[in-house]
Amino acid sequence: MIAWFSDPAHWTGTDGVFALVIQHLIYSGVALFFSCLIGLPIGLYVGHTGRGVVVIAGLANALRALPSLGLIVLLVILFGPVFASDMAFIVPSIIVLVLLAVPPIMSATYAGVAAVDPAAVDAARGMGKRPLDILDVELPCALPLIFSGLRSATLQIISTATIAAYVSLGGLGRLIIDGRAQNDYYQMAAGAVLVGALALMVDLVIGIISRLTVSPGLTRRA
């Protein structure tokens, strides 16, 4: 595997490591964007109003139980006649990644808002804030748990995005899928290491952003 990493030919070109990493990040970034677009508003609404807690719990458990590989193959079959380009593979992959990432974002956002100190909410009401304006108080207090959900969702997306290569898309999964087809176990191992390293790096970046964004008083930092 070290010899594989030492070969410059594996790092350049359209099938090189750098190109595959960029593709992997693009798929993951798009999926995370749509996951936040869906999960954050639902979590904020349920946490703020207290309505739909049972529904959000059941939905989260149901989405977590979906078989990723089987679902992406099914969606490719369904979307194949609709798109005549690579969108027939890209759209199903993004849908599956979004379905995997929505539950942790939605659940963490709900839990964060629901766990806000009632005294802070009462103080906001006492200041004359309207129900929707109280989110100005709840959202900053819920940020630690929201970032926790984002980190969990991001790790799931990056690790699961490797299955996009199963339906002929790019990303680091190409190293694993192609390596398996060619019985090149060094390439497979290199792909697995790169996916793990990418997940750790992105998690570190989100952790730094969380540390800079969340109030020290909420994390009990000195």
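## Close-up views of the aromatic cluster and nonpolar cores

Phe18 is exposed, with a relative accessible area of 53% (buried means under 20%, exposed over 50%, partly exposed in between; 1.4 Å probe, protein chains only). This is a predicted model, in which local features need pLDDT of at least 70 and side-chain atom pairs count only at pLDDT 80 or more, while totals for chains, interfaces and linings use all residues. Residues are numbered from 1 along each chain as its sequence is written, and side-chain values use heavy atoms, with hydrogens and water left out.

**View 1. Aromatic cluster of Trp4, Phe5, Trp11 and Phe18, linked by ring pairs.** Rings of Phe, Tyr and Trp (its six-membered ring) pair if their centres lie within 6.5 Å; planes under 30 degrees apart count as stacked, over 60 as edge-to-face and the rest as tilted. The structure holds four aromatic pairs. One of them, Trp4 with Phe5, is edge-to-face, at 5.5 Å centre to centre and 85° between the planes. Trp4 counts as buried because its relative accessibility is 9%, whereas Phe5, at 22%, is partly exposed. Trp11 and Phe18 form a tilted pair, with 5.3 Å centre to centre and 55° between the planes. Trp11 is partly exposed at 25% relative accessible area.

**View 2. Largest nonpolar core, with 40 residues.** A nonpolar core is a set of buried Ala, Val, Leu, Ile, Met, Phe, Trp, Tyr and Cys residues joined through side-chain atoms within 4.5 Å. Leu32, Leu150 and Leu172 touch the most other members.

**View 3. Surroundings of Leu150.** Beyond its neighbours within four places in sequence, Leu150 is in contact (heavy atoms within 4.5 Å) with Leu32, Cys36, Ile105 and Ile206.
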